[in-house]
Amino acid sequence: MQMSDLEVSMIKLTAEFGFSAAALLCASISAVYDVRSRRIPNFITLPAIAFGLVFHGVVGGWGQLAMAAAGGLICGLIFFVFYLAGGMGAGDVKLITAAGCLGGFSGIGNLLLLTALAGGVMAIGVALYRRRLVETCHNIYALAVHHRNVGLTPHGQFNVGNERMLRLPYALAIAAGSALSLCLLVVQR
């Protein structure tokens, strides 16, 4: 018995929704930990990476598993650059890798863009709330000059390890990006 185009389309939509929902669940749980402890535990991210790969492999075979791995790798490598530069923690890198593996290759463009936008809005909000927007803009300029001159070497003062600097639990931005990606998927279908 052959399935109709509508049935195939519905199965693909259900799978895509499931992939994105799993990424959102992982990011949301991680966001709670990140807000409370400023840490994203490996017991969330590492099993999520494995689950995402297995989930894609079961649903779509080796090809889809490979594409999910590519999605996670691309997300992780992009965030790894910021980790090397001192701009985010390793938990953030592992979380976006998990979200990329869970959501799959086809969703990483939206995930990365919407996460970056959400993170930017949140960062501006934190700077406004703390009345440090002008100082933050000066610090961004200093970071740009620093990285232009010395590459990815973390700045001595403006890095994620400095407790006195404004910091954002970035799992919140990844969760928001995951949620917005899921909403966009639903609206587009």
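Arg132 is partly exposed, at 23% relative accessibility, where partly exposed lies between buried, under 20% relative accessible area, and exposed, over 50% (1.4 Å probe, protein chains only). The model before you is a predicted one, in which local features need pLDDT of at least 70 and side-chain atom pairs count only at pLDDT 80 or more, while totals for chains, interfaces and linings use all residues. Residues are numbered from 1 along each chain as its sequence is written, and side-chain values use heavy atoms, with hydrogens and water left out.

Let me stay with Arg132. Its side chain joins that of Glu135 in a salt bridge, 3.3 Å from N to O; the criterion is a side-chain nitrogen of Lys or Arg within 4 Å of a carboxyl oxygen of Asp or Glu. Glu135 is also partly exposed, at 37%. By this rule there are 2 salt bridges. Arg167 and Glu163 form one of them, again with 3.3 Å between the closest N and O atoms. Here Arg167 is partly exposed at 22%, whereas Glu163 is exposed at 63%.

Finally, Cys26 is in contact (heavy atoms within 4.5 Å) with Ile44, Ala48, Leu95, Ala98 and Leu102, leaving aside neighbours within four places in sequence.
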